[in-house]
Amino acid sequence: MHDDRVLLEARLDRFIAERLRPAVHSPGPSVTVERWDVPGEPVSFYKAMAQDFHPAHTGDAWGTPWSTMWLKLTGEVPDGFGDGPDVDAELVVDLGFTGTGPGFQAEGLAWRPDATLVKAISPRNSYVRLAQLGSALVGNRFTIYVEAAGNPAFPQPADFSPNPDGRRETAGHEPLYTLGEIRLVERHTEVAELLADTLALAGLMRELPPDLPRRSRLLRALDAMVEAVDPDDVVGTTAAGRAILAPALAAPASASAHTLVATGHAHIDSAWLWPVRETVRKCARTFSSVAALAEDHPDFVFACSQAQQLAWIKEGYPDLFERLQRLAERGQFVPVGGMWVEADTNMTGSEAMARQFLEGKSFMAAEFGVDCEEVWLPDTFGYSAGLPQVAVAAGMKWFLTQKISWNQVNRMPHHTFWWEGIDGSRIFTHFPPVDTYNCEVSPAELAHAERNFADHGRASVSLLPFGYGDGGGGPTREMLASAARASDLEGSPRVVLGSPRDFFTRAQAENPDAPVWLGEMYLELHRGTLTTQANTKRGNRRCEHLLREAELWASTAAVRCGLPYPADELTRCWRTVLLQQFHDILPGSSIGWVYTDAERNYVQVAEELEGIIADSLKALAGDGEVALFANAAPHPWDGVPALGLGTVDAGEPATVTPGPTRDPAGSFTLSNPHLTAVIDARGLLVSLVDARTGREAIAPDVAGNVLTLHRDVPNQWDAWDIDEFYRRSVVPDGGEVEVSLEDSGDEPAVVVQRVVGGSPVTQRITLAANAPALAIHTRVDWREHQKLLKLGFGFDLRADTSAAETHFGHYRRPTHTNTSWDQARFEFCAHRWLLVDEPGYGVSVANDSTYGHEVTRDVRSDGGTTTTVRLSLLRAPVYPDPQADLGEHEFVVTVRPDSDAAKAVEQGYHTNLGLRRVLGSGPVEPLFTVSDPGLVIEAVKLAEDGSGDVVVRLYEAHGQRTSGRLEPGFAALPAVTTDLLERPVDAPAGVRADDGGVELTLRPFQLVTLRFARAGEPE
């Protein structure tokens, strides 16, 4: 038999493009179009309706970057238009869509005159069925309004050149779009069904091996369909074409076919290539389309993953919110994720991660009556080793992501497995093998999912999240048509519509003993997100600690003084901080507008929290002139008790003297009873000796406080990526270094001034009176582009691993590069501290706002090992924000020799939580005390339910089994163990409450939340 496959497939492609697709719609009458261009930021529907609209026409220019245009569409439906069993009347609106996909260009939202929503107008989903118009259709006449957003079409992912449109002040002033045709059409539903049949079978055919009989039979059936359908009368001959394809569609899937549970989804980045204000509108557009689709397709299920986005809908679009609630009652709209946003899970702090779940799950339970049990993080840039425990403590059972499929080097060995965290908590985890969260349910995607699945033989089911995402859009009727045809189709995996819960329940039941992955799930990509947009990262860290202080002191003041607890204010501040931990805001991968907003928001949150702290401390301290200091850290500090107010045992100030050192010319020596540090004439730390051991921490022939500037031009994804080859190029510094002494006040400082590249840098190196750590305060006026600034220390110790703080504990990583997994982990995250150590001795480096770290090792000629720690301070990518990081920055880094995990934990808290001075009458006892420093209190607050109960969250911080006692400093009933949502749970074996407190024996890094009802208070 002659091989005519290529010829017939080309014929089929042309028939689809030139005959079948155009025949789906028949043009009807045009409509009257009028416009009003909003002069500034978006306005409400009611304000828009009060404006004067003017005629608009096809071909009109519109849409300067970030602008809004309202269209008024009026028309008359001819008698009989759209009537008939296989015809549906629709209004099609072309806003001038470009080739870019949905969510990355112009978008619209259709409104009825009564201020209710119809659905979105977007690429590949630009229709409104007349049956959906409701009150907008009176008799044969209709009026609807379209709120059109002129969002710039940012080039991605191939083009990473600078684009000024990411900031309102630098965006262009020329229109981006040309208004397309707007008219009524008749949609021939049987032709649309034939098109879906054809695409399903043709797509399947191309995925099958050429020597498979099924492939040849599909080609012959499709060719016969082309013969049967008259190109001059497609509508009239559609039935004949469908009849020919029916047997091919009816052939059932094999008994061993993989099953894909298809869940509708729209991954909407809460900010990225658009500001937060536009995300609110994206949510309204997407969710209104989802609601319309669900109302037409009762078997369709949609998963929505971010409580913040639903809160926006509740506030701004109440009619849509009520529709979503009704769909949720029917099981079609399914809240998942249980988090306030899909947060970054590397840099988000411990308590903030707990609050992501508390706020997210609480909102979804209150508004939709559901207890979310599925963590849903398809696009976050890696997953910390501490996350499983936090999720399990929030009542989560399952975890989903697909981002690790982006790894540059190593492939994860499983798609379905148990993920185990640092404390031993496990959560059942799934990576959809389709390798996308924006699946279109194409035959190619279905085939890839089945071929790619790593757990055949052990499991038979995986999840298929489908719908346009990133910029929103969601599922379409075409995707549902494709899913229907693949429900039981020979050669294809089976597709069933369902919820994430449906999938996870089935997957866990068939594979309860799935393999285990221990520790972090490191993304071998996007390492630069630990550093980009440093001021936003600083704002996040500062606000996380201000929230700790505000809750602690407000709770203490409520218990001690009866001061009203500012619950609403604290919730508002928390939700702002949680929003900005979204995985494209905190990581620095959004446009500049997002960071203008974020940094302003951090300032406002900080001001409000500072007010709460001041009011609480004033109430606690009382009237008087005694100098008191408030210590919000979980360890005593200079004589001030942890979590209490007291007087400071200041000690003798450190001394600073010139030389002698390894390099005595122009050097300075800082010394106190704990530590001696030497800064040489180059401004480098050349000696660091602790008094207890007398051991030199700095390795021979190297130094600490070394600022290094590298060329930083990754292959792609500028703001996201640091590629390993940056190490090969070092940019020379900018000239001379000036080192001087500042000997004023209680804390003398060595001041180092230099120019790095073209950026002035000033450092103040200090040693506090009782401090066991040297502090380096760095101020940079950053003027670079595509450069990376590192701060490094070479230590004389042999560290096989480094320990970095993560959620409620720390995580050890190898310092060697024995495997490809180790080599790929050349830049990693640490929260407040990093420790490198050998048996009996270590050095810890703490920071106040830095997350990106690296550790390398080298054996010297003398046989010793130099372990180098470097912190990534600043980057300067040009996409998507050409002005990223330009301007003033401040960093604090502290270095502590003779350290271990216990000392590093203490150093991390003290570096981020300074003592606060307040005048008052006398000391104030803390609300809680613990008998062992390894039991660290992370949060003290009043209960969310307004009962006045006091909630304390603590964890084992040293990585070892620890026993001790927690005692409240107020009259309380016996403690109740709770989950993160403050719901009672069974106390674990190592937690025993009695009348006076709680006896604790915690395993390494175990997290415990306890709730104390105050004695005499109403229960």
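What follows is a chat about a predicted model, covering helix packing, salt bridges and a few backbone details.

Trainee: How do helix 14 and helix 15 cross?

Mentor: Helix 14 covers residues 534-561 and helix 15 covers residues 567-579; their axes come within 11 Å and cross at roughly 160°. That makes helix 14 roughly antiparallel to helix 15. Helix 14 passes helix 15 in a left-handed crossing.

Trainee: Which residues make the contact?

Mentor: Helix 14 contributes Asn540, Cys543, Leu547, Ala550 and Glu551, and helix 15 contributes Leu570, Cys573, Trp574 and Val577. By class, that contact has 7 nonpolar, 1 polar and 1 charged residues.

Trainee: And what about helix 15 with helix 16, at what angle do they cross?

Mentor: Roughly 150°, with the axes of helix 15 and helix 16 (residues 592-621) coming within 10 Å. Helix 15 is therefore roughly antiparallel to helix 16. This crossing is left-handed.

Trainee: Switching to helix 7. How many of its residues are buried?

Mentor: 7 of the 10 residues of helix 7 (residues 307-316) are buried, so helix 7 is largely enclosed by the rest of the structure. The buried ones are Ala307, Gln308, Gln309, Leu310, Ala311, Trp312 and Ile313.

Trainee: What do those buried residues of helix 7 pack against?

Mentor: Several elements, including helix 6 (276-296), helix 8 (318-329), helix 9 (350-368) and helix 15. Strand 15 (302-306) and strand 16 (333-339) are also among them.

Trainee: Salt bridges next. How many are there in the whole structure?

Mentor: A search finds 81. One of them joins the side chains of glutamate 827 and lysine 790, at 2.7 Å from N to O. Glutamate 827 sits in the loop between helix 17 (820-824) and strand 39 (828-829), while lysine 790 is in strand 36 (residues 787-796), so the pair links distant parts of the chain, 37 residues apart.

Trainee: Are glutamate 827 and lysine 790 buried or exposed?

Mentor: Both glutamate 827 and lysine 790 are buried.

Trainee: What does arginine 1011 meet in a salt bridge?

Mentor: Aspartate 945, at 2.4 Å from N to O. Arginine 1011 is in strand 53 (residues 1007-1012), and aspartate 945 lies in the loop between strand 47 (935-942) and strand 48 (950-956), 66 residues apart. Arginine 1011 counts as buried because its relative accessibility is 13%, and the cut-off for buried is under 20%.

Trainee: Which residue does aspartate 994 form a salt bridge with?

Mentor: Arginine 965, with the closest N and O atoms 2.8 Å apart. Aspartate 994 is in strand 51 (residues 991-994) and arginine 965 in strand 49 (residues 962-968), 29 residues apart. Aspartate 994 is partly exposed, at a relative accessible area of 21%, whereas arginine 965 is buried at 18%.

Trainee: Which residues other than glycine have a positive phi?

Mentor: Asparagine 705 is one of them, with phi near 60°. Asparagine 705 is in strand 30 (residues 704-711) and is buried, with a relative accessible area of 0%. Phenylalanine 1005 also has a positive phi, about 65°. Phenylalanine 1005 lies in the loop between strand 52 (997-1002) and strand 53 and is buried at 8%. Most residues other than glycine have a negative phi.

Trainee: Last one: what is threonine 766 in contact with?

Mentor: Leaving aside neighbours within four places in sequence, threonine 766 contacts Leu670, Glu747, Pro748, Ala749, Leu774, Ala775 and His777. Threonine 766 lies in strand 34 (residues 759-766) and is buried, with a relative accessible area of 2%.

Terms used
Residues numbered from 1 in each chain as written. Predicted model: local features only at pLDDT ≥ 70, side-chain atom pairs only at ≥ 80, totals over all residues. Heavy atoms only, no water. Axes fitted to C-alpha atoms, helices over the stretch in contact; angles between N-to-C directions. Helix = DSSP H or I, 4+ residues; strand = E, 2+ residues; numbered from the N terminus. Parallel < 35°, antiparallel > 145°, perpendicular 65-115°, else oblique. Left-handed = near helix turned anticlockwise from the far one by under 90°. Contact = heavy atoms within 4.5 Å. Nonpolar A, V, L, I, M, F, W, Y, C, P; charged D, E, K, R; others polar. Salt bridge = Lys/Arg side-chain N within 4 Å of Asp/Glu carboxyl O. Buried < 20%, exposed > 50% of the residue type's maximum accessible area, 1.4 Å probe, protein only.
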